[in-house]
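Good morning, and thank you for coming. Please take a moment to look at the sequence and the structure before we discuss them together.

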2 protein chains.
Amino acid sequence: MPTITRGVRDFLATGPLAHLVTLDSDGSPQITLVAAGLDGDDLVFASFTDQHKLDNIRRDPRVALSFQAKEYAGNGLHPYLVIEGRGRVSDGGALQVMDDLAPYYIGPGATFPMRNLPPGYVTRVTIERVYGVGPWREEQAG
Amino acid sequence: MPTITRGVRDFLATGPLAHLVTLDSDGSPQITLVAAGLDGDDLVFASFTDQHKLDNIRRDPRVALSFQAKEYAGNGLHPYLVIEGRGRVSDGGALQVMDDLAPYYIGPGATFPMRNLPPGYVTRVTIERVYGVGPWREEQAG
């Protein structure tokens, strides 16, 4: 498992959205935008309804999440971070994860603005590879 | 082939970067950030050096490109556009494509700032599916 560096943690704390890639049954990529963040050394995200992407992860746990920095670095390269890993979907706990992520996406002290919600699903991703362009770079994919 | 609507064209003309997904030999997704835009009804992007992602496309042409709007819409959903299709890589022509894209990424009348470059490679994507959240929405992936 790669080390999750301070640079990665600091970047994810700025609340960039994740372009989440899962694999359809024919192996082709599917993408949705989700809020995601670290919980210890895992990446987590929540869903309030069951979704096509969760079925994809249950069938093939390989996922990749790509996060784009909000600002250009000014050197012609736009910083981004890609995390690859394996996801596992569990029932319930969605609101807790959204509350945990709210300070990064909404602001300090924030909780998720909706409360009367179904238990939903939480996906926890075991990180296998970190790459991209930025201070968190371990490698560049090319 | 889906219709490329005015909404899609207008959004891509704002110069959002593409999270380009290709498939590694084991079928797992690989992601890099690229400049991409429409050329007629195809999506095109250029590379000045041969790269892992081009080898991926030569082996398995299935690609997905996800573009994130620069600004939140203010309704809790961040607009994004996903284009899925099949890519084919051809030799040469990279600078012309980068010049064609420069007005969207740099500004009106711009050309690509570097000139003394190898012929490179152009990937042309035949679009098969358009989805996401925004005025270009044909469907939401979920």
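**Helices, sheets and the contact between two chains**

I begin with a helix in chain A: helix 3 (residues 94-105) lies across strand 3, strand 4 and strand 7 of chain A, and runs at about 115° to strand 4 of chain A. The model before you is a predicted one, in which local features need pLDDT of at least 70 and side-chain atom pairs count only at pLDDT 80 or more, while totals for chains, interfaces and linings use all residues. Residues are numbered from 1 along each chain as its sequence is written, and chains are lettered from A and ligands numbered from 1 in the order in which they are written.

Some terms first. Helices (H or I, at least four residues) and strands (E, at least two) are DSSP runs, numbered from the N terminus. Two strands pair if DSSP finds at least two bridges between them. Axes are lines fitted to C-alpha atoms, for helices over the stretch in contact, and angles run from 0 to 180 degrees between N-to-C directions. Two residues are in contact if their C-beta atoms, placed from the backbone, lie within 7 Å.

Let us turn to the sheet of chain A. In which order do the seven strands of chain A lie? They form an open sheet in the order 2-1-5-6-7-4-3, with antiparallel pairing. At the edges are strand 2 (29-34) and strand 3 (37-39) of chain A, each of which pairs on one side only. On average, neighbouring strands of this sheet are turned by 40° against each other, direction ignored.

Within this sheet, strand 4 (residues 42-47) and strand 7 (residues 121-133) of chain A run antiparallel and are joined by six bridges. F45(A) has T123(A) in strand 7 of chain A as its bridge partner. Helix 2 (residues 52-59) of chain A packs on the sheet, where it touches strand 1 (18-23), strand 2, strand 4, strand 5 (62-68), strand 6 (80-91) and strand 7 of chain A. The direction of helix 2 makes about 55° with that of strand 1 of chain A.

I now move to chain B. Here, too, seven strands form an open sheet, in the order 2-1-5-6-7-4-3, and the pairing is antiparallel. Strand 2 (29-34) and strand 3 of chain B are the edge strands, each pairing on one side only.

Strand 3 and strand 4 of chain B form a hairpin with two residues between them, and G40(B) in the turn has a positive phi of about 65°. Three bridges join these two antiparallel strands of chain B.

How enclosed is strand 4 of chain B? Five of its six residues are buried (20 or more other C-beta atoms within 10 Å of their own, with C-beta atoms placed from the backbone; 12 or fewer would be exposed, and in between partly exposed), so strand 4 of chain B is largely enclosed by the rest of the structure.

V125(B) belongs to strand 7 of chain B. V125(B) counts as buried because it has 25 C-beta neighbours inside 10 Å. Leaving aside neighbours within four places in sequence, V125(B) is in contact with D42(B), L43(B), V63(B), G85(B), R86(B) and G87(B).

Next, helix 3 (residues 94-105) of chain B. Which residues of helix 3 of chain B are buried? They are A94(B), L95(B), V97(B), M98(B) and L101(B). These cover an arc (that of the directions from the helix axis to the C-beta atoms) of only 145° around the axis, which puts them on the same side of helix 3 of chain B. They pack against strand 3, strand 4 and strand 7 of chain B. Just after this helix, G107(B) takes a positive phi of about 160°.

Finally, the contact between the chains takes 24 residues from chain B and 24 residues from chain A. On the side of chain B that touches chain A, strand 2 of chain B supplies the largest share, five residues.
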